[in-house]
Structure formats: C-alpha cells, structure tokens
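I opened my notebook to look up a few things in this structure. My notes follow in the order I took them.

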Amino acid sequence: MPELSQTLRGAYAAARGLFAPAETKKSAANGLIAMHGQGQAVWTSRNLAALTKEGFVHNPVGYRCVRMIAEAASSVPWLLYEDDAELSRHPLLSLLGGPNGAQTGGELFEAFYTHLQTSGNAYLEAVELDGEVRELHVLRPDRMKLVPGSNGWPEAYEYSANGKSVRFSQDRDVPQVLHLKLFNPMDDHYGMSPFEAAARSIDIHNAASAWNKALLDNAARPSGALVYRGTEGAPNLSGEQFDRLKAELEATYQGKANAGRPLVLEGGLEWTSMSLSPRDMDYIEAKHVAAREIALAFGVPPMLLGIPGDNTFSNYAEANRTFWRQTVLPLVGRTANALSTWLNPAFGGEVRLWFDADQVDALSTEREALWNRVQAADFLTQDEKRQAVGYGSAADR
C-alpha cells in the first residue's frame, strides 16, 4: 500500500506539471495586498465624519488652513505644452476652464483640494460622450469605496448616495475616476488627512474653546464660594434652603446677561471670590501651541493665521512666499502630473499640463529678482535670457 500511494502521488504531480498554466508576470507584493479583500470593497478605517466635524466645522484654525490651501491652489492658472511648445488654445484647457455646466474650473478645483485636505482623498469623474471627455465632476470621498482587483490595484470604484450605488470601471483608456491621495503609510488604498496627524491638537484647541465658553457663561470667572457665617450655635442651611439658594443664583446671577450684577446677601451669607492662578491660565498658551501644531500639519505658517508667539519669519511677505513655495505649488504640480497622466489618452497622448507660477502675485518679488539677475548677465544672448526666465526664443513668437 505505501508503494501504491507513492506511485499515485508521482502520477498526480506529473499530471499537474503537464497541464500547468503558462507563467505570467505580476507583482508579488500586490498579490499579497489583494489577498485580504479580492473583489470586495475596502473601507477606510478612520471616522471621516468625526474628523471633519471636529477639525473643519468646529475648529477655526483647521477651517482656515483648508480654505487657504484650496483657494490658493485653485487660483493658479494652467499651462499646456506639446513637447516644448506652449499651447494657448486646446480642448484640454477648455475642459479645465469649464469642467461642467454647474461649476467653473476654479470652483471645481477648490472643492477637489478641500476634499483632499479634509479627508486625504480626492476624486474626479470623467464623463465621456462619443469617445471624448466632455465633463469633469468632483465626487465626495465619504461616499466612495475602492474595489481592488486580483493584482492589488483598483479595478473599480463604487459611489453610493441616497441608497443607490454606481460602479466606475478603471479598465478603460481614460479611467472613469482619478483618485489623488495624500500618502498614508498604514493604508494601501486610502490617503491620510492632515486632520489625523493634528487630531490631538484639535482636541486640545476645541477643549480650550469650550472651557473658555463655560467660563464666560459663569461671568468670566471661576465663580466663587458662598460661605454661611451664621451666629454661633446656629444650624447650617437645610437641604431645601440650599437648593433654593443655588437655583436663585443660577437664575439671577449666572450668565453673560447677568455679568456684574450686584449680589444681595442676608442671613449670615458671605461671597468669597476666586481668581485664576498662573497655572490655571496656562490653558491660553496651550491653545496657542495647539493652533500652531494644527497649522504645522497643513504646512501653513502660523503668522498667516494671526497666531501669537510665532516668530519664525521676519515678516508677513516671507511667510506668504514660504506658504506658496512649500505647500501650494507642490500640491498644484502633483495635481498637474496626475491630470496629465489621466487625461492624456483622450487628447492624443502628447500634451503635458503644468502651472503658471508667474501669475502668482505672492512670488512677484522672487520673479523680479530673477529678471534683474538675468538682465545683468551680459554673457547671455537675448534668446538665452528669455529661456532662463521661462520664455521661448524671440524667433518662436
């Protein structure tokens, strides 16, 4: 019997080798990524609604950071190149300028960048008609889920709203959805919002605001002590008297409408005020530190937000240039590369999208300094000077 079993195992192994499928090339790592959810939707692990509510809706620093980045990035004009030649007119430029019937290009990209900063993910839908991309639409990240294929890459996206779902296939020359995300080392498919990195600072900032609001509701002081100093041997206040006195104080003397109202006492009662100690006042500095950390997570210089105690930059103009150079323009450049790769097949595959930094007023000082240096370089020809500042030769005009 052992000899027979060994013979059968040998025949089975030979048959497997004879009918084995041909080898195909694919990433080993991506196969591992797809093992846990092949063909199924991968949901984001964070609570996007809570982050958005606490960081954007209820926190003025987070709200302003997102708005500053989105408004600045969406205001940068686009440039289009075919090889090295700049194109002033092209269907792609027209599409980006008027992406759909309800939005201008600036409005669409402001929403796109807002979603990216708020959730770490942003989605654009390409609407095709007769084989041409006619419209672009922003899709909400909280309604989107990714469906990975057998190789680990997204094969589709599912968008759900009002109890209905739409499936967007990615198996096309121009995939139906562009997914731009901020890097997340803990997730293969979804990006990480700056709100996640600043979550603790947001909690501190919001808690300090709530504490300050409660302080204002109590006449802007940590209240005080109502001391009963009756005659010697007199009994303490009864429970009924204590409750009635407390209710009268809350109704008559508490709150901003009653701030400064004189307190009338009788029957051996005395009011002893309390004040904030220097240690208690540390919450103000803690709130400023939390605000600076929130701004740091988004890459917005605190000086631009009016946060006190930040002397990193010598003046406002320097802080503004740093904001554009280190935060806004890298984001716009990354978006330009993603749009070029995504939409190139629909427009011949020979165009390249970029941004026009010369139109940014905040960088005018840098631009003027560059022009002065180039103009003073006598060893350069006129065409070389034009190329050094980003223009073509005079003969190309």
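**Entry 1: the whole chain**

I began with burial. Buried residues make up 36% of the 397 residues in the chain. I kept in mind that this is a predicted model.

Next I looked up the secondary structure. I found 13 helices and 11 strands in the chain.

The accessible surface of the chain comes to about 24300 Å². Carbon and sulfur atoms account for 52% of that surface.

**Entry 2: a sheet**

In what order do the strands of the open three-stranded sheet run? I read the order as β5-β6-β7, and the pairing is antiparallel.

Why is one side of β5 and of β7 left without a neighbour in the sheet? Both strands stand at the edges, β5 at 144-148 and β7 at 164-169. Each has a single partner strand, so one side of each stays without a neighbour.

I looked up the turn between neighbouring strands as well. On average it is 25° in this sheet, with direction ignored.

I then followed one pairing in detail. Strand β6 covers residues 154-161. It pairs with β7 in the antiparallel sense over six bridges. I picked out Ala-161, and its bridge partner in β7 is Lys-164.

**Entry 3: aromatic rings**

How many aromatic pairs are there? The count comes to eight.

A pair of aromatic rings is described by the distance of the centres and the angle of the planes. I used both values for the pairs below.

I took Phe-109 and Tyr-113 to start. Their ring centres are 6.2 Å apart and their planes stand at 35°. Planes under 30 degrees apart count as stacked and over 60 as edge-to-face, with the rest as tilted, so this pair is tilted.

Where do these two residues lie? Both are in helix α6, residues 105-119. They are four residues apart, about one turn of the helix.

Tyr-113 also forms an aromatic pair with Phe-112. Here the centres are 5.8 Å apart and the planes are at 70°, and the pair is edge-to-face.

The cut-off I applied is under 20% relative accessible area.

Trp-78, Phe-109, Phe-112 and Tyr-113 form one aromatic cluster.

Key:
Residues numbered from 1 in each chain as written. Predicted model: local features only at pLDDT ≥ 70, side-chain atom pairs only at ≥ 80, totals over all residues. Heavy atoms only, no water. Buried < 20%, exposed > 50% of the residue type's maximum accessible area, 1.4 Å probe, protein only. Areas by Shrake-Rupley, 256 points an atom, 1.4 Å probe, with all protein chains shown as cover. Pairing = 2+ DSSP bridges. Axes fitted to C-alpha atoms, helices over the stretch in contact; angles between N-to-C directions. Phe/Tyr/Trp six-rings, centres within 6.5 Å; stacked < 30°, edge-to-face > 60°.
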